[in-house]
Amino acid sequence: MIQLNHITLIFDKMIFDNISITITSGHFISIDGESGSGKSTLIKLILGQIHNYDGDILYDDKILDDQQRDKYIQNYIFYIDQMGNYFPNMTIKEHFKFYSELYHIDNYDINTYLHKVNLDDIDIKKSPEYLSTGERKRFILALALMVNKDIIMIDEPTASLDATSKTIILNVLKELVNNGKTVLASTHDQTVLDVSDKIYIIKDKKLTLKKDCEYTEMISHPLQMYKVSYHKYKNNKIRLFNAFLIILECLCLIMISLSSSKVVGYINFINEEYAATNSSGLILYKDLNGDNEEISSDSNFIDTQAIISDEELSEISKVDGIKNIDLNYRFYISQGDPIEIQVLDENNNVIVESDNDYTYEDGLTLHTEIIIQSYHPYQNIKHNGQTISGIYISEELQKHLNYDIHNVTLKLIDNIGYDIEICTSLNPIAISRDILNNTQTKVLYTLENIKWYEENSTYLGEIEFEIAGTLLSNEYDVSDDYTLGYSSQYVIYMPADEVKALYDKYYDGEGEPYHPRAYFVYCEEGMSDSVKQNIEAMDSSYHVYYQSNGIDSALQFFDLESIMTLISNTLIISIICFVCTLCLGIYSIYQRRHEISLLKNNALTQYIPSYYRKDYIINTFVCLLLSVVGLIITYNYIYFDYGITYIFVWIATSLIVALMIYLIERYAIKVILEKDYSK
């Protein structure tokens, strides 16, 4: 038995003034009154959809709070609204399935319940949308018969119905009452009032008992509600909309993650290059002057650098900011000759076998130079944040070998039986193909003259290096702009003392001894820029560059303006995409507002967030998964050697954006729950 005691309800105006009503079990009870008098409002009050009232609502003489009333409605009351509203995301068959899962009803026969309301011929695979208003009300009534709750509350049961539908519905309602159920109907239809055994009338904000009956004590049959997977109930329109939303969310995640990763990668790239230019290390060399023109008169022999005399070095060392000047050793152990390259493991097993071939963009393949380049410990060259020591190879050579060169042995082998050439020039000498093809010739070049030596010097044969790792081009790069024609370089970086010892080991005393043409200038911190300017101002033939080529050289391969424009446009598109994603996500919730209204009518308000949460979680998971696919695809096309940073920024951005979308859509549900869409 439900009781409303001394209820006063005021919205913009007073609706009820101190009314009371008792809903007894096993009766057909009608609430009569003109349109707008408050009949539907009274039903909503009982259903717990209105909270700002004065008075008490009781069940079996116990006052019900909102939570207890929800429990009571779930267990005892089935509500049918005036228009026979249905879940637009479900077919007729799925409506029965949903309620059967909700109340754990097994072995139900849909056709049996539809037959009781004279709907034998409808297609249960379709949405109730195609039914007339009368048919929809009868369909909802068939659901009520299956659920079999003690109280059926129905708003205007005969409104907008033809005579046949009226008769069917009233007969079903009377049969329910005869079987011990309670029917509470709001109506002003005399046909309904005639079959009612208890009638209340609303007039002038008061509720008056017009017709009464004997009270009959009935035994209640409470139902137990079960957890239901609401996520699966979607029509094709919602599925299509949801798929489009997933695509948009995924695009949003990928665009924002891509642009943010590019921005961070590019900033890191610029910062490290600037750090390199601001380092304390400079490379100094001198151009050949006019006194040496005869050396370059033959087009087959071209050199660009001269030896800096001791007197010149003495003057240069006086430049403010220089700590010391050391030789910068560099020589070739191969200049255009075929060399076999092997990578050996700790047991001297060959794990990589290659050569010194280099294929250019136009498809031409030549044997490239293999160079040994010195470095000094105080240069503070860092690899992966740690100052290097030991022998390293260049990034170009590592890519050629296509192997992670780390703590392995690199072996160079002369397979054709003549000396691996040692060339004393800092840069390669352009030699005609006829001379290169002469395998009986070894070239040693000095400043004063060119000497040819027949095959009578010490053979290098093969040589091994214990390689600690690979230096990236932005960590240490001594390549220059003087290579001619088709040329590339595979570099092995060694401590300066080891380079000198290696040369001394193989120099046979023939010809001029090796003399480096370049010097490493070690500067005081922060003084490298001024030192560079001052040295170059001393003599136009002096050239100074940073130990990692400097920012200008590093950026020469990038169109900075185009890259920044691309990043800016990508960010703008990402923001637009993000806003569209949020708007569409909120709208996707709003368009399902009628579902929310029906769930509220079934006292499922507290479960609504969890019903939709699974949609958010699945959408978010799918988008993150596709974002990872996007990461894998774009990773191969990044312009920077910051793979770990790129991945980290991408993942972090994806998670943040996905979380923002998730939280905002959940907030939208909360807002929509507070609105009344039942009108």
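Trainee: What makes the nonpolar surface patch, and how much area does it cover?

Mentor: In this predicted model, Y635, I647, I651 and L655 make a nonpolar surface patch of about 320 Å². Helix α18 (residues 643-673) gives the most to the patch, with three residues.

Trainee: Why is I651 called partly exposed?

Mentor: The relative accessible area of I651 is 39%. Buried means under 20% and exposed over 50%, so I651, at 39%, falls in between and is called partly exposed. I651 lies in helix α18.

Trainee: Turning to the rings, why is the pair of F87 and Y230 called edge-to-face?

Mentor: The planes of F87 and Y230 are 65 degrees apart. Angles over 60 degrees count as edge-to-face, so the name applies to F87 and Y230.

Trainee: What makes F87 and Y230 a pair to begin with?

Mentor: Their centres are 6.3 Å apart. Rings pair if their centres lie within 6.5 Å, so F87 and Y230 qualify. A search of the whole structure finds 19 aromatic pairs.

Trainee: Why is this pair said to tie together separate parts of the sequence?

Mentor: F87 is in the loop between β6 and α3 (92-102), and Y230 is in the loop between β10 (206-211) and α8 (236-277), so the parts tied together are 143 residues apart in sequence.

Trainee: How do you know whether F87 and Y230 are buried or exposed?

Mentor: F87 has a relative accessible area of 2%, and Y230 is at 2% as well. The cut-off for buried is under 20%, so F87 is buried, and so is Y230.

Trainee: Which residues do ring pairs link into a cluster?

Mentor: The cluster includes F87, Y230, F78, F98 and Y99, along with Y233, Y607, Y611 and Y612.

Trainee: Which residues have the most contacts inside the largest nonpolar core?

Mentor: F96, F98 and Y99, in a core of 59 residues. Helix α5 (residues 133-147) gives the most to this core, with nine residues. Apart from it lies another core, of 33 residues, among them F16, I50, I57 and L184.

Trainee: What is Y99 in contact with, leaving aside neighbours within four places in sequence?

Mentor: Y99 is in contact with F78, F87, I105, L143, M146, V147 and N602.

Trainee: Why would such side chains gather?

Mentor: In soluble globular proteins, nonpolar side chains tend to be buried together.

Definitions and conventions:
Residues numbered from 1 in each chain as written. Predicted model: local features only at pLDDT ≥ 70, side-chain atom pairs only at ≥ 80, totals over all residues. Heavy atoms only, no water. Core = buried A, V, L, I, M, F, W, Y, C linked by side-chain atoms within 4.5 Å. Buried < 20%, exposed > 50% of the residue type's maximum accessible area, 1.4 Å probe, protein only. Helix = DSSP H or I, 4+ residues; strand = E, 2+ residues; numbered from the N terminus. Contact = heavy atoms within 4.5 Å. Patch = residues over 30% accessible without salt bridge, like charges linked within 9 Å, V, L, I, M, F, W, Y side chains within 5 Å. Areas by Shrake-Rupley, 256 points an atom, 1.4 Å probe, with all protein chains shown as cover. Salt bridge = Lys/Arg side-chain N within 4 Å of Asp/Glu carboxyl O. Phe/Tyr/Trp six-rings, centres within 6.5 Å; stacked < 30°, edge-to-face > 60°.
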